[in-house]
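I opened my notebook on this one with a few simple look-ups in mind. Here is what I wrote down as I went along.

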Amino acid sequence: KGKSLSEERSVTAEVLTLTAFTAPSKMVYGEVAVGEVSGNLVMPLRNTGNNPQTKVRLSGTDFLCNNGRASAGLLRYGFTADTPYEKRTALTALPGLEDLILNPQKRFSALIQQFIYWQVLAPEGVGDNCKNRVFITASP
C-alpha cells in the first residue's frame with residue numbers, strides 16, 4: 001500500500017531550544033469608576049519552553065472603547081500586589097518595547113511561574129466596554 005500525501009511530505013526536525021510562554025488569554029477588570037484604579041488582576045506567566053529567560057518584553061495597544069480611546073499607559077504592572085498604582089510600570093504602546101526583568105534570583109525556566117500584578121485607571125471621557133491587547137515576547 002502506498003504512503004499518504006502527508007506522509008510523503010513530512011519532515012522530522014529536532015528542536016534544540018524553544019522559548020514559549022503561557023499566560024491567560026483574557027484579563028477582565030470589571031467595572032471601574034471614572035478616575036478610580038481597578039483592583040489587582042494577577043497574571044501568572046510561565047515559560048513552557050526549554051530556553052531559560054531572564055527577561056521578557058511587554059507592550060500593548062491603546063484601549064479602544066465604545067465611547068472613545070485611552071492610552072495603553074493607563075494599564076500598569078508590578079511584581080507585588082501591594083505596590084501602589086503610581087509606582088508600577090506603565091505599559092508601553094506599540095512599537096515601543098521595554099524589557100521586564102523576571103525573577104532576578106533565578107533564571108525564568110519552565111519550573112518557575114512569575115506573577116505579574118496589573119491595575120488600570122479609568123480615565124474621564126471614555127468608557128463603556130474598553131479593550132486592548134498585551135503582547136509578551138522573549139527579550140534577547
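**Entry 1, the pocket.** I went to the largest pocket and listed its lining, which came to 31 residues. Nearest the centre I found Met27, Tyr29, Phe63, Cys130 and Lys131. I kept in mind that this is a predicted model. For the volume of the largest pocket I noted about 950 Å³.

Next I sorted the lining by residue class and got 22 nonpolar, five polar and four charged residues. Then I asked myself which strands each supply at least two residues of this lining. My list reads β4 (63-65), β10 (130-131) and β11 (134-138). Of these, β11 gives the largest share, with three residues.

**Entry 2, the sheet.** I followed β4 and β10 into their sheet, an open one of three strands in the order β5-β4-β10, with antiparallel pairing. Its edge strands are β5 (68-70) and β10, each of which pairs on one side only. I looked at the pairing of β4 with β5 and counted three bridges, in the antiparallel sense. Across from Cys65 I found Gly68 of β5.

How many disulfides does the count come to? I got one. The partners are Cys65 and Cys130, with their sulfur atoms 2.0 Å apart. This pair ties together distant parts of the chain, since Cys65 sits in strand β4 and Cys130 in strand β10, 65 residues apart. I also checked the handedness: the link of Cys65 and Cys130 is right-handed, with 110° about the S-S bond. A reminder to myself: a disulfide is a covalent bond between two cysteine sulfur atoms.

Are the two cysteines buried or exposed, or in between? Cys65 has a relative accessibility of 12%, so I put it down as buried, because the cut-off for that is under 20%. Cys130 has 34% and is therefore partly exposed.

I moved on to Ser38, which lies in the loop between β1 (21-22) and β2 (41-47). Is Ser38 buried or exposed? Its relative accessible area is 5%, so Ser38 counts as buried. Leaving out residues up to four places away in sequence, I found that Ser38 touches Tyr29, Val32, Gln119 and Val120.

Note on methods: Residues are numbered from 1 along each chain as its sequence is written. This is a predicted model: local features need pLDDT of at least 70, side-chain atom pairs count only at pLDDT 80 or more; totals for chains, interfaces and linings use all residues. Side-chain values use heavy atoms; hydrogens and water are left out. On a 1 Å grid over the protein atoms alone, a cavity is a set of points where a 1.4 Å probe fits but cannot get out, and a pocket is an open set with protein on both sides within 12 Å along at least five of seven lines; lining residues have an atom within 4 Å of a point. Grid points are joined across faces, edges and corners, and a volume is the space filled by probe spheres set on the points. Helices (H or I, at least four residues) and strands (E, at least two) are DSSP runs, numbered from the N terminus. Ala, Val, Leu, Ile, Met, Phe, Trp, Tyr, Cys and Pro count as nonpolar, Asp, Glu, Lys and Arg as charged, and the others, Gly among them, as polar. Two strands pair if DSSP finds at least two bridges between them. Buried means under 20% relative accessible area, exposed over 50%, partly exposed in between (1.4 Å probe, protein chains only). Contact means heavy atoms within 4.5 Å. A disulfide is a pair of cysteine sulfur atoms within 2.5 Å.
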